[in-house]
Amino acid sequence: TVLDLLGARDGSDLPPLRDLDPALVDGVRQVVVILADGLGVAQLERLCASGDTPFLASLVERARRREAAQLFEVTSVFPSTTAAAITTLNTGRTPQEHGNIAYFCWVEEFGQVTQMLRWGPAAQRRGSYFDDSSIDPRRYALVPSIHRRLVERGARSYVIEPEAFRREAMTRMHAAEAEYLGYVLPSTLGVRLRQLLDERPWGSAPAYVYAYWAGIDTAGHLYGPRSAEHAMEAAALDRVLGRALASRPAGDTLVFLTADHGHAAVDPARLVDLEADRELRSLLRNPIAGEPRLAFLHTDHADQVRAHLAR
């Protein structure tokens, strides 16, 4: 959709959003995509109903009245995980095409389960394969970024993310062509966004701005998607977006708020620890990868693995 609106979409791309209101896109020259990591639609509905996110609730209500806003209920990619979905957002391609198919993957080139967001060994909490300056992370990027495609068409592209992500492997692989605006405090995301929209350094060129908020996902993982911590973090995002966007006049900028996935609460008592299952491990070629709710099992004994898991 971003590529289409900014004149860079071609026949190899997936179709843009269907039924996008023509009145919203008429004359658009700038597109802003705000990614609230982990904010699923059911969570958003609860937060709006509880009064935790009044600015977002006002946008939802405007969408229902068709007043310069529109609400889409869309699905994520499969697997619906940050590593796969953010790579899709930065490339416009499916996980099967761009190859970043899970949070943890067995990567044959390194002979290890890899944590794909930082491209480093899953057994370590820090460090990347690309800490070695002799390795170019871009050689592992199977498709070009949408930032590169936009820049090649004369547009300007910007990424607003935590300063700590500036040299991360994912940024170097999938957003290298964008102008990077880092922030240290989460609240500064709104300051950076407001500054860009006020100053318009792109002049008369088309422009794309991608802004990322991590905290709702972090709160959902640590405390659960129905927790007070989750609601407080969503309230902080609501305040930041309200300050950045609420008083802006109608113009030639279209803003999308979306998520890479949502959260579902799970009962820890019902979890099954596959990694501690020695019999299962003896049937596998490599350690388990994938996701807690989507395990990747590499095996030459598929029937035995199925039977073991069924038991």
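Student: What are the ground rules here?
Tutor: It is a predicted model, in which local features need pLDDT of at least 70 and side-chain atom pairs count only at pLDDT 80 or more, while totals for chains, interfaces and linings use all residues. Residues are numbered from 1 along each chain as its sequence is written, and side-chain values use heavy atoms, with hydrogens and water left out.

Student: Which strands form the open sheet, and in what order?
Tutor: Five strands, in the order E6-E5-E7-E1-E8, with parallel pairing. Strands (E, at least two residues) and helices (H or I, at least four) are DSSP runs numbered from the N terminus, and two strands pair if DSSP finds at least two bridges between them.

Student: Which are the edge strands?
Tutor: E6 (179-183) and E8 (253-258), each of which pairs on one side only. From one strand to the next the twist averages 15°.

Student: How many bridges between E5 and E6?
Tutor: Five, in the parallel sense, with E5 covering residues 156-162. Glu 161 stands opposite Gly 182 in E6.

Student: Which strands does H11 lie across?
Tutor: E1 (30-36), E7 (207-213) and E8, and H11 runs at about 155° to E7. Axes are lines fitted to C-alpha atoms, for helices over the stretch in contact, and angles run from 0 to 180 degrees between N-to-C directions. Contact means heavy atoms within 4.5 Å.

Student: What span should H11 have?
Tutor: The 18 residues of H11 (residues 228-245) should span 26 Å at 1.5 Å a residue, and the end C-alpha atoms are 25 Å apart, which agrees. The expected span is 1.5 Å times one less than the number of residues.

Student: And how does H4 pack on H11?
Tutor: H4 (residues 54-64) and H11 pack at an angle of about 65°, with their axes 7 Å apart. Pro 54, Phe 55 and Leu 56 of H4 meet Asp 238, Leu 241, Gly 242 and Leu 245 of H11. Those residues divide into five nonpolar, one polar and one charged. Here Ala, Val, Leu, Ile, Met, Phe, Trp, Tyr, Cys and Pro count as nonpolar, Asp, Glu, Lys and Arg as charged, and the others, Gly among them, as polar.

Student: Switching to hairpins. What joins E2 and E3?
Tutor: Four bridges join E2 (residues 104-107) to E3 (residues 112-115), and the two run antiparallel. Four residues lie between them, and Gly 111 in the turn has a positive phi of about 65°.

Student: Which residue is opposite Cys 105?
Tutor: Thr 114 in E3. Thr 114 also stands opposite Pro 121 in E4.

Student: Is Cys 105 buried or exposed?
Tutor: Buried, because its relative accessibility is 6%. Buried means under 20% relative accessible area, exposed over 50%, partly exposed in between (1.4 Å probe, protein chains only). Cys 48, at 19%, also counts as buried.
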